[in-house]
Each structure stands twice: as C-alpha cells, then as structure tokens.
Amino acid sequence: MNTLISTFRSLLTEPRQVIDSFLNDNRGTFMHPFLFCLIGGVIVVLLNTIFVDFSVDPQVDESVADNENLLRLTEWTQIASVRAATQFLPVSMIFVLILSLSVGGLIFLKGKTGGFYDHIVINSYAAGASFFVLPLLIPVWIFSGQSLLDPFLNSTLPAMVAAGIMLWIYRHYFSVDSFMDWIRILSAYITGYVIYVILIGFLSAVVGYMLFAVERLTEISG
C-alpha cells in the first residue's frame, strides 16, 4: 500500500521520475504500471459495487416496443453501456482507453517517446492515477437523484474526472510550455478518447447481445 501511495504522489509531482525509471529498468520504489492500474481498478470496482446501486430502467424507442426480442436486446445494450461507463469504468479504461490513448499519442506525439510501448506505460500510470479520484463520483451517483441513464452522469462527468488527472500527468511528463505543445497533447488525448468511445459502444453492443442470448437460452431451457 505504501508503494501504491508513493507512486501516486510522485506521478502528480514528478511523473517523469516514475515513468522513466520504469522505462529505463530502474524502478526503485515505484510500482509496476500494470500492477498499479490493476490494484487501483479492483479497489474502485469494489467500492462502486458496495456503495452504489447501478440498476437502471432502460428507456427504449417506441418503434421497437412491439418487437419483444429487439426490445430486450436494446435494454440489455443500454444496461451494458451504463455499467461500462460507471461501475466497471476502470475495467474499460484498462482494456480499451489505455490502448486508444496510446494510438492517439503515437500519431500526435512523435519524437516525444520511444514508441508505442512507451505510450502504453505512460497511459497505464496516468489511468492508474485517475482511479484514485474516481471514488469522488460515488456520492454524486448516489445523491444526484438522476437516473444513471443521464449522459452527464454516465459519460461526461466520469470523462472529465479521469481526463483532469491524466492531462495533468501528460502536461508534466511532456513538459508542456507552449500553445503548440498543448495542441499536440490535446489532439492526442481527444483522438484516443474518440477511439475509446467508438470501441466501447461496439463492445457494449456485443456484451448486450450476449446477455440477451443468455436470457433467451435460460428461458428456453427453463
């Protein structure tokens, strides 16, 4: 736990010290980026599951209301989408956002790193650091009085919280000190985030279909 906290603190103040130490095989007292991400993700998912009720009442268009199969498929897709952006947000960040941001970094931050692997490490540390602030969303989700189907609660707010920490680390790691540097950093992040949104939408649809299929198989076998 001390190593976890020490790594987080150093990422906020001297991210280059943490990241370059790992890339140069001189880890010192800092945690491995993937372990750092994994532990933080598990903690946040557990806290989310314990304190927040993520059940939602899906809202579907009237055009599909007469088709029971399409209705249930749409409902399951909505449920999967909401859970991916709230309860299991760290999971989607670990498996999708880190890769997506690394692609954006590879495009707009050429010459700033040693290649794609370096971006994976940078974004793993940055995502792991953002997990420390994601629990701040728990009281908002509990006491807002709004359905988690609200795009602000299940998309905009989590994205803003995570981006705040990750861009802070970007800024200090890449020594952003000019307008063009900011343009490159923001372009890399926004491009990666757009890729992430597209992939998560697709994966949510796949998961929704699988849950629908399991439900139908259960009904048939029952």
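Colleague: Which residues make the nonpolar surface patch of about 830 Å²?

Modeller: A patch is built from residues with over 30% relative accessible area and no salt bridge; nonpolar side chains (Val, Leu, Ile, Met, Phe, Trp, Tyr) are joined within 5 Å, like charges within 9 Å. Areas come from the Shrake-Rupley method with a 1.4 Å probe, and for residues only the protein chains shown count as cover. Here the patch consists of Leu35, Leu38, Val42, Leu46, Ile50, Phe51, Ile142 and Phe143. Helix 3 (33-51) and helix 7 (137-143) each give two or more residues to the patch. Helices (H or I, at least four residues) and strands (E, at least two) are DSSP runs, numbered from the N terminus.

Colleague: Which helix gives the largest share of the nonpolar patch?

Modeller: Helix 3 does, with six residues. Leucine 38 lies in helix 3. Before going on, note that this is a predicted model: local features need pLDDT of at least 70, side-chain atom pairs count only at pLDDT 80 or more, and totals for chains, interfaces and linings use all residues. Residues are numbered from 1 along each chain as its sequence is written, and side-chain values use heavy atoms, with hydrogens and water left out.

Colleague: How many salt bridges does a search of the whole structure find?

Modeller: A salt bridge is a side-chain nitrogen of Lys or Arg within 4 Å of a carboxyl oxygen of Asp or Glu. The search finds four. One of them joins glutamate 75 to arginine 72, at 2.3 Å from N to O.

Colleague: Where do glutamate 75 and arginine 72 sit relative to each other in helix 4?

Modeller: They are three residues apart in helix 4 (residues 68-85), so about one helical turn separates them. For accessibility, buried means under 20% relative accessible area, exposed over 50%, and partly exposed in between (1.4 Å probe, protein chains only). Glutamate 75, at 15%, is buried, whereas arginine 72, at 24%, is partly exposed.

Colleague: Which parts does the pair of glutamate 215 and arginine 72 tie together?

Modeller: Glutamate 215 forms a salt bridge with arginine 72, with the closest N and O atoms 2.6 Å apart. Because glutamate 215 is in helix 9 (residues 179-221) and arginine 72 in helix 4, the pair ties together parts 143 residues apart in sequence. Glutamate 215 is buried, at 18% relative accessibility. Arginine 216 also forms a salt bridge with glutamate 215, at 4.0 Å between the closest N and O atoms. Through shared partners, Arg72, Glu75, Glu215 and Arg216 form one network.

Colleague: What is the volume of the largest pocket?

Modeller: The general idea comes first. Rolling a probe the size of a water molecule over the atoms shows where empty space is left. On a 1 Å grid over the protein atoms alone, a cavity is a set of points where a 1.4 Å probe fits but cannot get out; a pocket is an open set with protein on both sides within 12 Å along at least five of seven lines, and lining residues have an atom within 4 Å of a point. The largest pocket has a volume of about 300 Å³. Of its 19 lining residues, Ala85, Asn154, Ser155, Tyr193 and Tyr196 are the closest to its centre. Helix 9 gives the most to the lining, seven residues.

Colleague: Which residues line the largest cavity?

Modeller: Leu109, Lys112, Phe174, Val176, Asp181, Arg184 and Ile185 line it. The largest cavity holds about 40 Å³ of space.

Terms used
Points joined across faces, edges and corners; volume = space filled by probe spheres on them.
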